[in-house]
Amino acid sequence: MDELTEKRGRLQTFLDQHNLDAIYFSQVANFAWLTAGLEPVVMINSDRAEAGLLVTREKDYVICNSIEYPRLRDEDRLEDLGYEFHVTPWYDGVPRFDDLVQDLRWASDWPVLDAQDLSTEISRLRFQLTSEEISRYRWVGYHTGQAIERAARAVRPGMSEVQIAGLIATQALDQGITPVLLLVGVDERIYHFRHPIPTQKQLERYAMLVICGRRWGLVASATRFVHFGLLPAELEHKQEACAYVDAIFNAATTVGSRVSDIFQRAIAAYAQMGFPSEWQKHNQGGAAGYLSRDYEGTPTCNEIVLAEQGFAWNPSITGIKSEDTMIVHNTGCEFITGTGDWPTLPVVLDDRTWERPAILTIP
């Protein structure tokens, strides 16, 4: 309840700042944030929840249809969180609640009725994690990392990319993690595509595994590589260079830093390692939490890093990438997708050694 009380305080301040009487939440990320981790999701690729939350100054409502109502009542127990149900028959289409917002000044995180669309502004309410959210995010991060690393250790030559994706999904679901993104590339496809959607191509020597895992609405991202046989010298050099850029990204991500400044340091690191144009070939990651990326870092991004905010940078050089999820604290950053059971490359910056994930090499 401390978490919900804090979030209620943020909402009241938001209402006052925008001169509003109510806010309607229907994005999955915002629904999960406001309810401390409930996920009213049927299609996992949907950004829109199967129910909405209408928060007014006097009363809070769950807006849903007759299909979702029993589960939201009996399992999610939204009435225990102080919500009153507003239920419409499923065959009426999108649930309407005109009567509840009549004469109100209200906003929404999704285009609906005549509400103001303040989706960008509303998303900022969830950027700073509460202590309870941090505890949950650590759990999600660790078990997402564990899932992809267990899958990676089970990979064998001859497996198809689809089969490898199945290994990741099985491990994730077994941990209670929903894999909302799975990418697998093998051999030359890793060099040709930054986003290799799994195919029937069979592994010969080299595999890339990528996951975005979600539970309680929180999303953690990680990438791991496996190579069978002696690692080529060129790939060895590239992974060392990529690990250095990743360490620069993470070391520069401190409370109060401007994202564009962080990005410029990373661009300089790419050039320093001999790969000046590689950053232009793929996004480099950014803020994370209830989305895999709340916003992406760019050379012109003016966002400021907040205390207790999630980040996941993913620098890449053709053939290799480095990615973990972390939480930024006033005392430094904390990686949450590392398990301590994966080979790493040490990168020394000033007085800290950054252990970044290495390619798992199997003889």
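What does the charged end of arginine 352 sit over, and at what distance from its centre? The charged end of arginine 352 lies over the ring of tryptophan 354, 3.7 Å from the ring's centre.

## Before you start

The model is predicted: local features need pLDDT of at least 70, side-chain atom pairs count only at pLDDT 80 or more, and totals for chains, interfaces and linings use all residues. Residues are numbered from 1 along each chain as its sequence is written, and side-chain values use heavy atoms, with hydrogens and water left out.

## Charges over rings

Let us return to the opening pair. A charge sits over a ring if NZ of Lys or CZ of Arg is within 6 Å of the ring centre and within 35 degrees of the ring normal. Another case is arginine 356, which lies over the face of phenylalanine 335 at 4.3 Å from the ring centre.

## Helix α1

Helix α1 covers residues 2-17. Helices (H or I, at least four residues) and strands (E, at least two) are DSSP runs, numbered from the N terminus. With its 16 residues, α1 reaches 23 Å from its first C-alpha to its last, close to the 22 Å expected at 1.5 Å a residue; the expected span is 1.5 Å times one less than the number of residues. Just after α1, asparagine 19 takes a positive phi of about 55°.

Which residues of α1 are buried? They are Glu3, Leu4, Lys7, Arg10, Leu11, Phe14 and Leu15. These residues cover an arc of only 140° around the axis, which puts them on the same side of α1; the arc is that of the directions from the helix axis to the C-beta atoms. Buried means under 20% relative accessible area, exposed over 50%, and partly exposed in between (1.4 Å probe, protein chains only). On the other side of α1, Asp2, Thr5, Asp16 and Gln17 are exposed. The cover over the buried residues of α1 includes β1 (22-27), α2 (28-34), β2 (48-56), α5 (119-123) and α6 (131-154).

## Salt bridges

How many salt bridges does the structure hold? It holds 29, where a salt bridge is a side-chain nitrogen of Lys or Arg within 4 Å of a carboxyl oxygen of Asp or Glu. One of them joins the side chains of glutamate 6 and arginine 10 (2.9 Å, N to O). Being four residues apart in helix α1, glutamate 6 and arginine 10 are separated by about one helical turn. Glutamate 6 is partly exposed at 40% relative accessible area, whereas arginine 10 counts as buried at 18%.

Other bridges reach out from α1. The side chains of lysine 7 and glutamate 133 meet at 2.9 Å, N to O. Lysine 7 lies in helix α1 and glutamate 133 in helix α6, so this pair ties together parts that are 126 residues apart in sequence. Both lysine 7 and glutamate 133 are buried. Arginine 57 forms a salt bridge with aspartate 16, with the closest N and O atoms 2.9 Å apart. That pair links distant parts of the chain, 41 residues apart: arginine 57 is in the loop between β2 and β3 (60-65), and aspartate 16 is in helix α1. Arginine 57 is partly exposed, with a relative accessible area of 33%, while aspartate 16 is exposed at 51%. Elsewhere, salt bridges that share partners join Glu149, Arg224, Asp246, Asp324 and Arg356 into one network.

## Aromatic pairs

A search of the whole structure finds 14 aromatic pairs. Rings of Phe, Tyr and Trp (its six-membered ring) pair if their centres lie within 6.5 Å; planes under 30 degrees apart count as stacked, over 60 as edge-to-face and the rest as tilted. The rings of tryptophan 90 and tyrosine 91 have centres 5.7 Å apart and planes at 80°, so the pair is edge-to-face. Tryptophan 90 is exposed at 53% relative accessible area, and tyrosine 91 is exposed at 59%.

Phenylalanine 97 and tryptophan 106 also form an edge-to-face pair, 5.7 Å centre to centre with 70° between the planes. Here phenylalanine 97 and tryptophan 106 are buried. Ring pairs also link Phe127, Phe249, Phe263, Trp279, Tyr295, Phe311 and Trp313 into a cluster.

## Around glutamate 334

Glutamate 334 lies in strand β16 (residues 332-335) and counts as partly exposed at 22% relative accessibility. Leaving aside its neighbours within four places in sequence, glutamate 334 is in contact (heavy atoms within 4.5 Å) with Arg138, Thr325, Met326, Ile327 and His329.
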